[in-house]
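Let's take a walk through this one together. Have the sequence and the 3D view open, and we'll go from one part to the next.

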Amino acid sequence: MNTAATTPTDEHADSHDHEHHDPRLAHHFDSHQQQFDTGKLGIWLFLVTEVLFFSGLFGFYAVYRSLHPEVFLYASQFLDTVLGAANTIVLLFSSLTMAWGVRCAQLGQTKGLLTCLVITLACAAIFLGVKSFEYTEKAHHGLLWAGMYQSPEHHEAAAVPAAAGAVESGDHGAAHADDHSDDALFEKTKHTLSYMTTVLWAVILLSGIGLAALFKNPNQKTMAAVLGCVLISAIGLQLGAYASIGYHHFGHAAEPTAQEIEMAETVPAEYAKQKEKIPEPKLAGTFFSVYFCMTGLHAIHIIGGMIAISWLIVRTVHGAFTTYYFGAVDFIGLYWHLVDLIWIYLFPLLYLIN
Amino acid sequence: MATVVDSSDPKSNYPIQYRELNYLNCSKGWKSWFFTLDHKRIGIMYLMGVTVSFFLGGLFAMLLRTELLSPAKILMGPDTYNQMFTLHGAIMTFLVIIPGVPAAIGNIILPVMLGAKDVAFPRMNLGSFYLWMFGATFFLAALVIGGLDTGWTFYTPYSVRENNASIIAALLGVFVLGFSSIFTGLNFIVTIHTMRPPGMTWFKMPLFLWALYATALIQILATPVLGITGLLLIVENVFRIGIFDPSLGGDPVLFQHFFWFYSHPAVYVMILPAMGVISEVIAVHSRKHIFGYRFIAYSSIAIAIFGFLVWGHHMFVSGQSKVVAVIFSAITFSVSIPSAIKVFNWLTTMYKGSIRFTTAMCYGLSFLFIFAIGGLTGLFLATLATDVHLHDTYFVVAHFHYVMMGSSLMGLFAAVHHWWPKISGKMFSEFWGRIACLGVFLGFNLTFFPQFMLGTRGMPRRYYTYLPEFQELHVLSSMGAYLLGISSALMVATLVYSIYRGKKAPANPWGGASLEWQCSSPPPHNNFDHPPLAGDPYVMESVVYNEEIGGFVPAECQGDNNGSGTAAGEKEV
Ligand code: HEM
Ligand SMILES: [Cu+2]
């Protein structure tokens, strides 16, 4: 019988002093190995639930795509493949640095770990920046979810003579069609984008404050690290947004060049015909419902990952991780790879429909 | 016997250093509860939350049954009635039955049964309790805002309406509660995998742990789908994305598929842990080794797996193809096989055992009786031709109350009584406990048996009024409901009374052989200082009764070998 398991001195509920005094080993585990295995199984199970969570959306995608293939064919052309691809590369790269970071942690290379984490965080922020540009731009063309969707046809109505220009990607085409009003639209986009990034800035700032509050005995180092994370996130975000707006603007100005015209004359003529054959389907907005739900949920996961990575950064600065205690890095790394993987599926499913 | 001094009582005269410290008195103040990482305290908080929700949901039930005393309007009109049954159903399912056994009892008992100090992720455990509270708050908000009348199933298009804040609040509640449930399940799976004590192989685990494991599998595999469905429905309500809303080209039947993909497995989240409890209770109170251990363990897993393949049986009349309906019907039949295996094994365990009709056992026997009826009536509903007639009638209502209220909740009651001495360190009055059990059993059957008859005669569900010829049966049912309500209040009163006036409980009052009975009652803060050596949890001969202590002690500790406890029987099957 273990009746006398507690000694009278064990007064306080959550202060356990046992045989071991290793602060890195939680009181209810026997060994570091057990602690690590437990965390590992835990994170894998968590990832399973994450996959299932998204599976609802994928299921819903599958149902609607099989019911209304024409909607997907028609509407996906409004997504900018270049931006999507750029984001894919950014995320893939961040996965690489994350994996590298895990390796550094295992080898006890604190500096390397820190560098890798910082780069990963920056990549995540850039991703968000590009995404916010894409959202804003969609919003300005009225390409929103079913309840708010406005047909882009009114843009293109005047564009029949310039149909050849409307080949490559729908919204560029629209831009061609009505240069003047579209410039205004573009200015508006830029304006709203600044709103959107401001909101995201606020989110980042709040997360930073929350993160700082999470640490029990914050000192200057903690504060500096948190501040650093906030700055990296904000700068990355702005960078992503400006880069995509620059790309867009550049594409904008450069479009009616010889190259464009040549393109329009050669291959895409068929496309142009093909496209004309696809009238706007009735439920075009449903595609954007899918688009916003899936990428929105994914973006929330990115933000969650950024918070987790920032937490890792702060702990790394404090030298929390050692060769036998790096579980947290490993686990958050796994999470990050999953978020990445989901995007790898989202990109072709949404952007590359042909 | 008479002079057992309760040195663990904080009010006892012993100075603190001589007091026996346990998890209840080792620290004080609300903070030591609200920020505790101790699985036992978290479990207790769950138990209290569940009890409060149970009485809130019960209150709604009483009001509903009162309205149904006559076809005329007594208390409320149709709109209020709709809101009331919605809240009743949602509270009972999401706040009472789903967390009841796993989160409340499982939290307290699972690590002790494993000889572990805590669950794998204590912080996450506390977090999941807070999520539960948070979810409950959303439900309360839905209640206060008013106007939630979709039924607990939230079927579209009822649930997609212009600015209906209460629907959104309730859905948020469901979403948050789902995550609470996921985290509990995740914690349990990891704990069982990585923290078993030396000697406890998978097939030396008490069956309650197998049941919790199977439950946890469902929790983590099905609940995320409910989460995303609820989220999409919220988004649908707020932004009108046209996924489920037919007016925007959405598909309401898709919602039903998503919903039942979770909610059918969820009914096994409700019943499996209760089945695990029954395996323990029947074996311990019959003082006999459980019969067919492996069959019970495997059937838990089989139920968990099959449970994912039958959701379509809720939609036989919702417009799915005939082939699909036939397939769903067939799989539904097969899912009842593992349940029947369990019932068979429990009955056989009792055969030639020395059954003691303790309160826990009485609830266990009630479970067997009621679950048999509940399960068998499920087969009528799984049969396509009969379901077309019975769907959306009181027959379905009676069926799921037999399995949810009659079985899951009976399982919870059995668990509470079985482990009460361990949890509280006090013995409750067996006399009043048994009276309450009798009342619950009779009241339950009186309430719901007439509903089978009403259903077969064509009384549809979810109406506040009915044809006059149904009145007699409805009145019977309402009478039963009152008896049920009073008896469950009596049950709680008996237990609460024992906290103040009950005798101090011995470590092992019933003679169980699993690890939690080796730990003092109530357990110390850390359960076990060193992982104990686990043997077969069902060799009841390994413990013998000791007059002095008033409970069972390990056979090898009993000084004189009086024949009954020769071998500890550790390696016996
Ligand atoms: C033993 C095997 C079981 C079978 C074959 C079975 C079969 C069915 C079928 C076919 C229905 C659909 C009836 C209809 O809507 O027309 C149904 C409804 C239901 N069952 Fe079962 N069931 C079983 C066990 C359980 C258990 C163990 C629970 C819960 C603990 C449960 C809870 C429910 C609920 C809540 C509903 C109705 C949901 C609603 O429409 O609101 N069932 N059952
Ligand atoms: Cu079902």
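**A hairpin, a ligand shell and a shared face**

Start with the hairpin made by strand 3 and strand 4 of chain B: four residues sit between the strands, and one residue to look at is B:Gly550, which takes a positive phi near 80°. Keep in mind that this is a predicted model. Strand 3 covers residues 543-546 of chain B and strand 4 covers residues 551-554; the two run antiparallel and are joined by four bridges. If you want one pairing to click on, B:Val544 has B:Val553 in strand 4 as its bridge partner.

Staying in chain B, move over to ligand 1. Which residues come nearest to it? Out of the 24 residues around ligand 1, they are B:Val267, B:Gly378, B:Leu381, B:His391 and B:Phe400. Several helices of chain B supply at least two residues each to this shell: helix 7 (252-286), helix 9 (322-350), helix 10 (359-382), helix 11 (384-390) and helix 12 (394-424). Helix 12 of chain B gives the most, with six residues. Sorted by class, the shell around ligand 1 comes out as 12 nonpolar, 11 polar and one charged.

Now for the place where the chains meet. Chain A brings 37 residues to the contact and chain B brings 46. On the chain A side, the elements giving two or more residues are helix 1 (32-67) and helix 11 (284-317). Helix 1 of chain A has the largest share, at 16 residues.

How does its length check out? With 34 residues at 1.5 Å a residue, helix 11 of chain A should span 50 Å, and its end C-alpha atoms are 49 Å apart, which agrees. It's also largely enclosed by the rest of the structure, because 25 of its 34 residues are buried. After helix 11 of chain A comes A:Gly319, with a positive phi near 70°.

Finally, a word on confidence. The average pLDDT of chain A is 78, and 76% of its residues score at least 70. Within chain A, helix 12 (residues 327-351) has the highest mean, 94, while helix 6 (residues 170-177) has the lowest, 43. Residues 1-20 of chain A have pLDDT below 50, and this stretch has 38 contacts in the model beyond near neighbours in sequence. Residues 156-180 of chain A are also below 50, with 49 such contacts.

Conventions
Residues numbered from 1 in each chain as written. Chains lettered and ligands numbered in written order. Predicted model: local features only at pLDDT ≥ 70, side-chain atom pairs only at ≥ 80, totals over all residues. Contact = placed C-beta atoms within 7 Å. Near = placed C-beta within 6 Å. Nonpolar A, V, L, I, M, F, W, Y, C, P; charged D, E, K, R; others polar. Expected span 1.5 Å × (residues − 1). Buried ≥ 20, exposed ≤ 12 C-beta atoms within 10 Å, placed from the backbone. pLDDT = per-residue confidence, 0-100. Pairing = 2+ DSSP bridges.
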